[in-house]
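Please read this note with the model open beside you.

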Amino acid sequence: MSNACLLSVRRGSLLFSGEVYDRYFATLENVVLLRDGADLLVMPVRQRAAGGYVIKLRSIAGDRAVQAADFFRDNGIADGDELQLVAHWMENRAALVITGLFN
């Protein structure tokens, strides 16, 4: 079974389906976005007090959004950019990883 999933960036938000949320972030309210060289890591936050970006419900189907325009702008992705991204869960990084996003 492949662990690839689709995410997108639109208007400064990272968007993902309810299925992706349930698989990797179920019951969590926050994620950390971390640039690691050219890669984007989307890391689950187990303790809300640890901070990060809030995962918001965006549809009745359970789709989610993480409003992170500041992060994306700081890393060269403009508010108007629309991107379709393939992410893979990497155990050794404990994150969903989008390889080469910041090339």
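Is Ser8 buried or exposed? Ser8 counts as buried, at 9% relative accessibility. Here buried means under 20% relative accessible area, exposed means over 50%, and partly exposed lies in between (1.4 Å probe, protein chains only).

This is a predicted model, so local features need pLDDT of at least 70 and side-chain atom pairs count only at pLDDT 80 or more, while totals for chains, interfaces and linings use all residues. Residues are numbered from 1 along each chain as its sequence is written, and side-chain values use heavy atoms, with hydrogens and water left out.

1. **Ser8 and its surroundings.** Ser8 lies in strand S1. Helices (H or I, at least four residues) and strands (E, at least two) are DSSP runs, numbered from the N terminus. Ser8 touches Ser13, Leu14, Leu15, Leu83 and Gln84, leaving aside residues up to four places away in sequence. Contact means heavy atoms within 4.5 Å. Gln67 is 59 residues from Ser8 along the chain, and their C-alpha atoms are separated by 12 Å.

2. **Partners of S1.** Strand S1 covers residues 4-10 and runs antiparallel to S7, with seven bridges joining them. Two strands pair if DSSP finds at least two bridges between them. Arg10 has Glu82 in S7 as its bridge partner. S1 is also joined to strand S2 (residues 13-16), by four bridges, and these strands run antiparallel. On that side, Leu7 stands opposite Phe16 in S2. In a regular strand the side chains alternate between the two faces of the sheet.

3. **Two positive phi values.** Most residues other than glycine have a negative phi, and most peptide bonds are trans. Arg11 has a positive phi near 50° in the hairpin of S1 and S2, which has two residues between the strands. Arg11 is exposed, with a relative accessible area of 62%. Thr27 also has a positive phi, near 75°. Thr27 lies in the loop between H1 and strand S3 (30-36). At 72% relative accessibility, Thr27 counts as exposed.

4. **A stacked pair.** The whole structure holds five aromatic pairs. Rings of Phe, Tyr and Trp (its six-membered ring) pair if their centres lie within 6.5 Å; planes under 30 degrees apart count as stacked, over 60 as edge-to-face and the rest as tilted. Tyr24 and Trp89 form a stacked pair, 5.3 Å centre to centre with 15° between the planes. This pair links distant parts of the chain: Tyr24 is in helix H1 (residues 18-24), Trp89 is in strand S7 (residues 82-90), and they are 65 residues apart. Tyr24 counts as buried because its relative accessibility is 11%. Trp89 is buried too, with a relative accessible area of 17%.

5. **An edge-to-face pair.** Phe71 and Phe102 form an edge-to-face pair, 6.4 Å centre to centre with 75° between the planes. Again the pair links distant parts of the chain: Phe71 is in helix H2 (residues 69-74), Phe102 is in the segment after strand S8 (95-98), and 31 residues separate them. Phe71 counts as buried at 10% relative accessibility. Phe102 is buried, with a relative accessible area of 10%.

6. **More on the rings.** Which residues do ring pairs link into a cluster? They are Phe16, Tyr24, Phe25 and Trp89. Elsewhere, the charged end of Arg64 sits over the ring of Tyr21, 3.8 Å from its centre. That term requires NZ of Lys or CZ of Arg within 6 Å of the ring centre and within 35 degrees of the ring normal.

7. **The nonpolar core.** How many residues does the largest nonpolar core have? It has 28, and those with the most contacts inside it are Leu14, Phe16, Phe25, Leu33, Leu40, Phe72 and Leu96. Such a core is a set of buried Ala, Val, Leu, Ile, Met, Phe, Trp, Tyr and Cys residues joined through side-chain atoms within 4.5 Å. Beyond four places in sequence, Leu14 touches residues including Leu7, Val9, Val42, Val66 and Phe72.

8. **Asp39.** Asp39 is in strand S4 (residues 39-45). Asp39 is buried, with a relative accessible area of 13%. Its side chain joins that of Arg93 in a polar contact of 3.1 Å. A polar contact is a pair of N or O atoms within 3.5 Å; within protein, one must be able to donate a hydrogen and the other to accept it, and residues adjacent in sequence count only if both atoms are side-chain atoms. Beyond four places in sequence, Asp39 touches residues including Leu34, Val97, Gly100 and Phe102.
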